Amino acid sequence: MSGPVLAVEDLRISFGTHEAVKGLSFNIHARETLALVGESGSGKSATALAILRLIEREGGTIRSGRILLDDGDTTLDLRTLGDAKLTRLRGNAISMVFQEPMTSLNPVLKIGDQVAEVFIRHRSLSRRDALRAAQDALDQVRIPEPARRLDQYPHELSGGLRQRVMIAMALACRPRLLICDEPTTALDVTTQAEILLLIKNLQAEIGMGVLFITHDMGVVAEMADRVVVLRNGEKIEEALVEDLFARPQAAYSQRLMAATPKPGTGSSTRAAGTDIVLQVDSLSTRFASKAGLFSKAADGVLAVNGVSIKVARGETLGLVGESGCGKSTLARSILRLIEPESGTVLLDGKHLTGSSKAELRRSRKNAQMIFQDPYASLNPRLPVHELITEPARIHGLVSRKDQKDLAARLVARVGLETDAIHRFAHQFSGGQRQRLCIARALSVEPKLIVADEAVSALDVSIARQITDLMLELQDRDGLAFLFISHDIGVVERVSHRIAVMYKGEIVETGPAAQLLAAPRHAYTRRLLAAVPSGIPVRRRKQAPGVSAGETPAYLSASG
Amino acid sequence: MLTYVLRTLVKMAITLVVIVSLVFFATRLSGNPVDFVLGEGITREDRELLIAYYGLDASIGTQYWRYLASVFSGEFGLSFLERRPVSQIVLGRAWPSLKLLLSAVSFTLIVSVPLGILAAIYRTSIVGSVVMVIAFLGYAVPAFIIGILLVLIFGYTLNWLPVIGDGSALHFIMPTLAISGMLVAAITRFTRNAMLDVLSQDYMRTARAKGLPEWIVILKHGLRNASITLLSVIGLQIAGLAAAGSVVVEAIFAWPGIGDLLVRSAILRDYPVLQFGVLSVAIVVIVINATVDIAYAYADPRIRLAKG
């Protein structure tokens, strides 16, 4: 094998006085995939942006080190290269796919123009030829109807298709190095499987080296040849992927591996109660489309279609399904945050549907919700003791002078220090904030907690701590959980039973272990097949037939 | 897109009817014009006769109906004072005002958009600070002060520029500067803020990662997006200016524009002129707003497609 495509030597990056990357070295050969693994703040993305020399734009500085790119006949040190030469390399010899397909494309430019731009810039094609090349590029990433896509805008495409467009742009000039920064983190598991396969196939075709950044060990097992584990900007371990998975050396790597939920290993065997807390019968919710000046209102779409579920005391029902399938709408309809069209909801024996505003308010005390984004769901202007006792105040369960005592008890229950009650939400980390959200939900002693993607935004080890906390609360207080997630590994670990949702309907319900071991519905099987196995399979021959999935037609219109 | 344009036009028509009605009732609030036109010393009979002649004795409903009928048949009546069709009077004054407005708006856009972009890119350096200080100063100094200072310097002391009227291209310089002062300041600030929002977006990073040169990144990817925010602000500012902004400046430079006409006819209760003048201004404002709405949809495909 010839020399590496990219060699990073003793790279140091800092943001102001904070040192984000501390002397990192690695190299990548052609046709090789190196995974850079670590939790948020470990310096993965900073490293990627430093290689493209875009880190300065984000306020970072490369303190020292060399970034050597093998550009055919010469080796270039990107760290000392001038701006003009750098712009010639970017998108040409090195390109990058970013995490957020929803925001990484320019919303006001047509897909065709955005892809063609690369050809115009680096291949000096005329606009017409560039558009033709763009169509071929879209075809290469298996986007259906590439000719029609040229004239579409990003918001008309689903997340998976947008990420394919990003990949088409990145690979347009057949780069020597492709950097993928969490390219599938924002996508559904089925879409993720398609995108990962696509990247692998194109790598085999073009032969570029791939730097694959992720926090997900399942994805690492799927993609990587070698792995570099990063923590706080330092390399903890570097190993071939099979060695790392078989014998992780560093303690941190071991912890990272342990925190990663693996399908088929951890379903809950704890006993659940028998008295029903939540009973939902044939619940339907319709999103009406608005009547326009010249058009009358259409029938709208049934986002939730005749759903029946029940959750017992001390039980966790996991609700899985890809984004847009109606999971969140179902959760909100149950609590009547969205008005359902038909069906009944019984919470602790009382009807939520059809009850008056005042009754509804009283009943809501029994069900609390935890949301995905712990940064957005806590009011930044309230001190913690007011923040987490607010529901109790609203329901008149605590007097103003007992508020602080209650807050102290609550933070203790979710494993935070007592002095936390005098601080504000922004002084906590993501995981700690999610603990505050749980404390807030607990303040009214609810029977049921609806957790809507409550750990999806957290690092795996933090997510693990939060789900452990939920299990502990359940064991102690007999709480019932409706646990909504697109991550089957997490759902499996916390749930007694699992319900699979697809296009607004529950297609399958059953005890967790049984459902995962022997899925009956075709969609469940498809969903499970897409979950990374967590077992490294290098150069595995992929089953053909996974093509670009489309969002369900009823969702793609809204963009 | 077509539905969207149609909808915008229908909204525009509705607004117009409302304004036509408001104009009628508002002008009736200020008293009887006959007293003003003829003054003291008229006999009771002659007064009654005149009131009947102008139709001012009819009920307010009948007057309103007649008024609507004539507005929609394109007849706006004769001036009480000059006895000429008001449309002639007003349109003769509207053109100079419009020219001044166009001149001020062009100047503003040419100056403030580039300044705003510079201020956004160099926000941490001295360039950005200097631009913003100038912009704040411009915002703080009223148009009539700029106007008077200009007259003092370039008219009175240096004697370089003509001060009165709209005879030549040179006549446009000082009024344009006086009107633009505040507008430049406002739009520079809005451009800067809109660009700052856009500069930190993910797609800007994507554009750079493609290897595009910085000026294409800024102008094609950045300004296209910032222009969506800018359009609405620019539309509002221009509409505001068309409605009232230039009255004072027109007075300073004796500009034969519509502002001066409106003020005079209001004082003299020349209803037909006042009505038609206000209507013309209102139409200009509505047309500007509709244009902005349509331009908005053109600039932002999300609006275009969401609204048909």
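Good morning. I begin with one pair of residues in chain A: A:Ser284 has A:Ser342 in β14(A) as its bridge partner. Strands here, like helices, are DSSP runs numbered from the N terminus, with at least two residues (E) for a strand and at least four (H or I) for a helix. The model is a predicted one, in which local features need pLDDT of at least 70 and side-chain atom pairs count only at pLDDT 80 or more, while totals for chains, interfaces and linings use all residues. Residues are numbered from 1 along each chain as its sequence is written, and chains are lettered from A and ligands numbered from 1 in the order in which they are written.

Let me stay with the sheet around that pair. In chain A, four strands form an open sheet in the order β12-β11-β14-β15, with antiparallel pairing. Two strands count as paired if DSSP finds at least two bridges between them. Which strands stand at the edges? They are β12 (301-312) and β15 of chain A, each with a single partner strand, so one side of each is left without a neighbour in the sheet.

Inside the sheet, β11 (residues 276-287) and β14 (residues 342-347) of chain A are antiparallel and share five bridges. A:Asp281 is bridged to A:Thr344 of β14(A).

A second hairpin of chain A deserves a mention. Strands β1 (residues 6-15) and β2 (residues 18-28) of chain A pair in the antiparallel sense over eight bridges, and A:Leu11 stands opposite A:Leu24 in β2(A). Two residues lie between these strands, and in this hairpin A:Gly16 has a positive phi near 60°.

I turn now to the domains. Chain A is divided into domain 1 (6-101 + 177-259), domain 2 (274-288 + 300-366 + 447-460 + 473-527) and domain 3 (379-445), with bounds that come from an automatic or database domain assignment. The C-alpha centres of domains 2 and 3 of chain A are 26 Å apart. How many residues of domain 2 of chain A are in contact with domain 3 of chain A? Five residues of domain 2 are in contact with six of domain 3, where contact requires C-beta atoms, placed from the backbone, to lie within 7 Å. On the domain 2 side there are four nonpolar residues, no polar ones and one charged. In this classification, Ala, Val, Leu, Ile, Met, Phe, Trp, Tyr, Cys and Pro count as nonpolar, Asp, Glu, Lys and Arg as charged, and the others, Gly among them, as polar.

Next come the helix pairs. Two packed helices are described by the angle between their axes and the distance between the axes. In chain A, α6 (residues 159-171) and α7 (residues 189-206) pack at about 15°, with axes 10 Å apart; the axes are lines fitted to C-alpha atoms, for helices over the stretch in contact, and angles run from 0 to 180 degrees between N-to-C directions. That angle makes α6(A) roughly parallel to α7(A). Angles under 35 degrees count as roughly parallel, over 145 as roughly antiparallel, 65 to 115 as roughly perpendicular and the rest as oblique. Residues making this contact include A:Ile167 of α6(A) and A:Leu198 of α7(A). By class, the contact has seven nonpolar, four polar and two charged residues.

In chain B, the axes of α1 (residues 2-28) and α13 (residues 271-299) come within 10 Å and cross at roughly 160°, which makes α1(B) roughly antiparallel to α13(B). Their contact comprises 19 nonpolar, four polar and one charged residues. Also in chain B, α6 (residues 126-140) and α8 (residues 169-199) have axes that come within 7 Å and cross at roughly 135°, so α6(B) is oblique to α8(B). Among the residues that meet there are B:Ala135 in α6(B) and B:Ala185 in α8(B).

Finally, the two chains together. Contact between them involves 31 residues of chain A and 23 residues of chain B. On the chain A side, α2 (83-89), β6 (94-97) and α3 (111-123) each supply at least two residues, and the largest share, four residues, comes from α3(A). That side of chain A has 14 nonpolar, eleven polar and six charged residues. Thank you.

Technical notes
Contact = placed C-beta atoms within 7 Å.
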